[in-house]
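Biologist: I should like to go through this model with you and to hear the criterion behind each term that you use.

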Amino acid sequence: MCLLLPGNRNGTEEMKGFWTLLMGCMLAFCDISAQEGFSCQALPDAVFIRMQGRSYAEGCTTPLEDLRYLTVLHYNKDREEQQGELVCHKDIADDLLDIFRELHKAMYPIERMVLVDEYGADDEASMRDNNTSAFNFRRISGTKALSRHSWGMAIDINPRYNPCIRRRKGKQVVSPDNAAGYTDRSKKHPYKIERGDLCHRLFKAHGFTWGGDWKNSKDYQHFEKK
Ligand SMILES: [Zn+2]
């Protein structure tokens with residue numbers, strides 16, 4: 001709405017001041033909404049500084065412009081609301097925002113969601129702390145093949161309670177190593193992912209595959225998209 005007559009010089013100056021003030025308020029609002037709640041943006045410099053030499057390891061072949069920084073809200077099992085953050089590939093950014101909005105609405109429990117760089121990009125340390133994370137330029141444990149996490153196309157949810165279980169030379173190997181109590185999938189616990197639950201249904205509906213459905217190993221924390 002314009003209350004000033006066109007051609008009024010003083011009025012034009014006043015309008016300029018008004019628009020400058022309005023734009024300032026809008027930018028301040030955008031800054032706040034980028035930091036809190038649910039947001040998606042190209043990797044801010046401050047985030048890349050945290051990742052460089054850690055999850056964005058030397059020799060990383062994933063273009064920076066393919067990655068997105070997300071903030072999402074989630075609840076822990078004590079029903080306390082938390083501000084989470086993730087780095088993922090741009091192709092799954094909207095999927096993850098939709099999924100985490102639905103999980104937040106349902107107060108689905110996720111204990112912690114900070115960048116794996118807070119653990120020096122040490123996947124085992126992040127999993128041990130039950131940290132939910134996505135992008136990390138790394139090999140599949142025990143192999144030379146790059147993990148889907150290397151492109152930010154995979155995410156691990158509540159990993160300590162949904163461990164990865166493999167067989168190596170006839171022996172069972174559990175990751176993280178403090179998850180032995182959670183390999184029996186008949187036991188109930190708040191952070192457990194199982195076929196047909198809300199978390200599983202949402203990821204499947206968005207075209208992800210679940211590591212709990214793999215034949216040769218089981219990775220109950222892991223969802224990925226091709
Ligand atoms: Zn994974």
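Biologist: Which residue in β6 is the bridge partner of Arg-167?

Modeller: The partner of Arg-167 is Gln-172 in β6. Please note that this is a predicted model, in which local features need pLDDT of at least 70 and side-chain atom pairs count only at pLDDT 80 or more, while totals for chains, interfaces and linings use all residues. Residues are numbered from 1 along each chain as its sequence is written.

Biologist: Why are β6 and β8 called edge strands?

Modeller: The open sheet of 3 strands runs in the order β6-β5-β8, with antiparallel pairing. Both β6 (171–175) and β8 (218–219) pair on one side only. In general, strands of a sheet pair through backbone hydrogen bonds, either parallel or antiparallel.

Biologist: What is counted as a helix or a strand, and how many of each does the protein have?

Modeller: Helices (H or I, at least four residues) and strands (E, at least two) are DSSP runs, numbered from the N terminus. On that basis the protein has 5 helices and 9 strands.

Biologist: How do you know that the length of α3 agrees with its number of residues?

Modeller: The expected span is 1.5 Å times one less than the number of residues. For the 16 residues of α3 this should give 22 Å, and the end C-alpha atoms are 23 Å apart, which agrees. Just after α3, Met-107 takes a positive phi of about 55°.

Biologist: Which residues of α3 are called buried, and what covers them?

Modeller: A residue is buried if 20 or more other C-beta atoms, placed from the backbone, lie within 10 Å of its own. In α3 this applies to Ile-92, Ala-93, Asp-95, Leu-96, Ile-99, Phe-100 and Leu-103. Their cover includes β1 (39–42), β2, β3, β4 and α5. Across the protein, 34% of the 226 residues are buried.

Biologist: What makes a set of residues a nonpolar core?

Modeller: The members are buried Ala, Val, Leu, Ile, Met, Phe, Trp, Tyr and Cys residues joined through C-beta atoms within 7 Å. The largest such core has 38 residues, of which Leu-86, Val-87, Cys-88 and Leu-96 touch the most other members. Its largest share, 6 residues, comes from α3.

Biologist: Which residues does Leu-96 touch, beyond those up to four places away in sequence?

Modeller: Contact requires C-beta atoms, placed from the backbone, within 7 Å. Leu-96 touches Leu-70, Leu-86, Cys-88 and Ile-155.

How values were computed:
A residue is buried if 20 or more other C-beta atoms lie within 10 Å of its own, exposed if 12 or fewer, and partly exposed in between; C-beta atoms are placed from the backbone. Two residues are in contact if their C-beta atoms, placed from the backbone, lie within 7 Å. Two strands pair if DSSP finds at least two bridges between them.
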